[in-house]
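Hi everyone, thanks for coming. I'd like to walk you through one structure today, so please have a look at the screen.

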Amino acid sequence: MASEQQPTLVVRVALQPVWNQIEPLQGYVLAASNVHVPTLSERTGIVVQELLENAVKYGDPGRSIDFWLQIPSGRRGVDLSVSNHAHPRRVALLQQEFEAFGPNPKDTLARAMQRLPRLPQGVSMLGLARIMNEAAITLKVDGRLVTVNAAIQ
Amino acid sequence: MSRLAAISALAEQSFGIAVDGQVVRFTGTLSIRNPSEVVTPFLRRVHDAATRDGLKQLTVDIMQLRFMNSSSIRSLVDWVEWIRREPEGKRYVLDFLTRPDVLWQKTTLTAIQSLGGEQVVVRRGQ
């Protein structure tokens, strides 16, 4: 039996839900992925930034955000997840967004932009649509704990 | 002096937006939490000045903009919407100058172009 290859990189961070905590982590991820999977680093940076921003904006301000990223060895890709606790209304909205996604990420992003004028100032709801253009994403909900998994290939 | 020329640059810690003739130039990394309070009002001043000056085209140079978060992309979309809502004679074209090697610029501007129709042109810079 072949021995399991160790991943090239694993990052696990419990992050305080504070805006200025995002950039240092995103910067590290961008730099690290640029070393190991340079053709995927920009997309990884976009996905990490948007997921962390959503977690900080809409998550429970009193609970930390769990960030996990792995660059596997043996295949070109980046796997990551962001977990945070959120208000039930926010969880429901997130589930609605996921269910509304169509099969074509570019169309989803275009539709998300078209609805912007109908949204109040300060709200974009573009983040997920943007993320799905760069990664395959899934949503897992366990009560108030929300986890978005992303696979970039 | 044109109203556009009178607009002072927006200079923040991580990004800047400056008006240089008929070019609006973005630099840095635009990933602040509240662009609707900072970027959108600035772009509104630019838009109002451009319409009062009777401009037909404004170049938006984002070649030195390393990243924009989705909240700040909204500010660009709002700008396109303001133009579309103007009477036909007051509309102008936003001519985006982009970097061909930057992925987010291509994805984002393609979507904005589909939204803006003939009011949005996207060019690749050198």
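Before we go on, some housekeeping. This is a predicted model, where local features need pLDDT of at least 70, side-chain atom pairs count only at pLDDT 80 or more, and totals for chains, interfaces and linings use all residues. Residues are numbered from 1 along each chain as its sequence is written, chains are lettered from A and ligands numbered from 1 in the order in which they are written, and side-chain values use heavy atoms, leaving out hydrogens and water.

Back to B:Arg99. Its side chain meets that of B:Asp101 in a salt bridge, at 2.6 Å from N to O; the term asks for a side-chain nitrogen of Lys or Arg within 4 Å of a carboxyl oxygen of Asp or Glu. B:Asp101 is exposed, at 52% relative accessible area.

Over all chains, the search finds 12 salt bridges. One of them joins A:Arg43 and A:Glu134, with the closest N and O atoms 3.7 Å apart. A:Arg43 sits in helix α2 of chain A and A:Glu134 in the loop between α5 and β4 (136–142), so this pair ties together parts 91 residues apart in sequence. Helices (H or I, at least four residues) and strands (E, at least two) are DSSP runs, numbered from the N terminus. A:Glu134 is buried, with a relative accessible area of 4%.

In chain B, a salt-bridge network links B:Asp20, B:Arg25 and B:Asp61. Within it, B:Arg25 and B:Asp20 have their closest N and O atoms 3.6 Å apart.

And between the chains? The count there is 0 salt bridges. The contact (heavy atoms within 4.5 Å) takes 26 residues from chain A and 26 residues from chain B.

Last, the aromatics. There are 2 aromatic pairs over all chains, meaning ring centres of Phe, Tyr or Trp (its six-membered ring) within 6.5 Å, with planes under 30 degrees apart called stacked, over 60 edge-to-face and the rest tilted. A:Phe98 and A:Phe101 form a tilted pair, 5.4 Å centre to centre with 50° between the planes, and both are buried.

Technical notes. Buried means under 20% relative accessible area, exposed over 50%, partly exposed in between (1.4 Å probe, protein chains only).
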